[in-house]
Amino acid sequence: MSPASTDMVRLLCVSIFALCLSQCACMNIAECNKMSGFTGPLEGMSGFKVYVDGYTSGILDDASESQDEHGNPRTYRECLAHATSEARSRLSNRTNTNEAGEGIFELALSKVPLKIMNGASSSTGDEGAQHFAYSGSCAQGCVYSHMPERLIRDIANSPDLFMHEYAHVLHLASMDSSESRAIGAAYTDFMQTKLPALETKYSETYEPGGCCFWYSATNDKEFFAVTTQAYFLDDGEQRWDWPKSSTLLQSEDAEAYSAVVDYWSIDPDEFAAHLGNCKIPLWETMDQKLIIAGLAGVLLLFGIGLCCLIKRCCSRRGRKGKADKDEGGRAKIQLMAI
């Protein structure tokens, strides 16, 4: 096997491993359950379980860029308390409870902690830092952020943003429900019949081809999360991207509005049944080190197999070339003899 071929195989294997590593260097349920180095749950968070790392704990009593109704700066702790209080209040007005007094919050949302950590100390590093995300399924895992100052300020100023990730919690815990299928149908209808006209309507508001104004068009999961944000806005509140308000969502996409309302008002006992049937993917519960070690083993075997294949091909080509050369030599000798 030539040095060039060896280098090519080595480069290919390293590239594939780097790609797999980048996909694994993120949160999963196993990582979410690791609380070493975190403080919490913090008090005064309206039933939400909020955990913070050492860096975030150190800034909780510092002034943030968010202001209260009197124009006074909120501390980061006050920002979190405000965001969670608003979320609980709006949930109580939009969800149902069963005879035991349990609703979506008690059955699912309260079980998924919010973990806030500084990006520099996360496993992904600064380049992979997440502003706000949910990792998990079946009401397990965590909502998390690697950008403490920015995230805490943003959810205090826009409590609907806080509900975006918890909409994923609801959705990924009941994917087999009729409410989930209704969201899928509403998303398909939005993409096929609503979006073209809306793009024309808002053509001067957003940058064509931009990712954020039409983030709702990403997939059915983000469609539900973004329309949830609009649904959780109070009268007079607006968002900068689509849908801009609950009223506008209702007028611009009545099917989506109805599907979102129905999902958040799902019968708690029905939801509990779907949650009981929810299946967690195996990789979600595995330690990242085991996942990476397994990938390394697979890639090693792949590399060895590829090296053997290339070596075999090169060997066959070499034997064929030698055979052709020998045959040519014999033909030349015969010609000279004649």
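Patches are made of residues with over 30% relative accessible area and no salt bridge, like charges being joined within 9 Å and nonpolar side chains (Val, Leu, Ile, Met, Phe, Trp, Tyr) within 5 Å. The model is predicted, so that local features need pLDDT of at least 70 and side-chain atom pairs count only at pLDDT 80 or more, whereas totals for chains, interfaces and linings use all residues. Residues are numbered from 1 along each chain as its sequence is written, and side-chain values use heavy atoms, with hydrogens and water left out.

On the surface, Glu99, Glu102, Glu106, Asp267 and Asp269 form a patch of negative charge, where Asp and Glu count as negative, Lys and Arg as positive, and His and the chain ends are not counted.

A salt bridge is taken as a side-chain nitrogen of Lys or Arg within 4 Å of a carboxyl oxygen of Asp or Glu, and the structure holds 15 of them. One joins the side chains of Lys194 and Asp253 at 3.8 Å, N to O; because Lys194 lies in helix H8 (residues 178-201) and Asp253 in the loop between H10 and helix H11 (254-264), the pair ties together parts 59 residues apart in sequence. Helices (H or I, at least four residues) are DSSP runs numbered from the N terminus. Asp253 is buried at 0% relative accessibility, whereas Lys194 is partly exposed at 21%, with buried meaning under 20% relative accessible area, exposed over 50%, and partly exposed in between (1.4 Å probe, protein chains only).

Lys244, by contrast, is buried yet has no salt bridge, the nearest side chain of opposite charge, Asp241, being 7.0 Å away.

Key: Accessible areas come from the Shrake-Rupley method with a 1.4 Å probe; for residues, only the protein chains shown count as cover. The place of a charge is taken as NZ of Lys, CZ of Arg, CG of Asp or CD of Glu. Helices (H or I, at least four residues) and strands (E, at least two) are DSSP runs, numbered from the N terminus.
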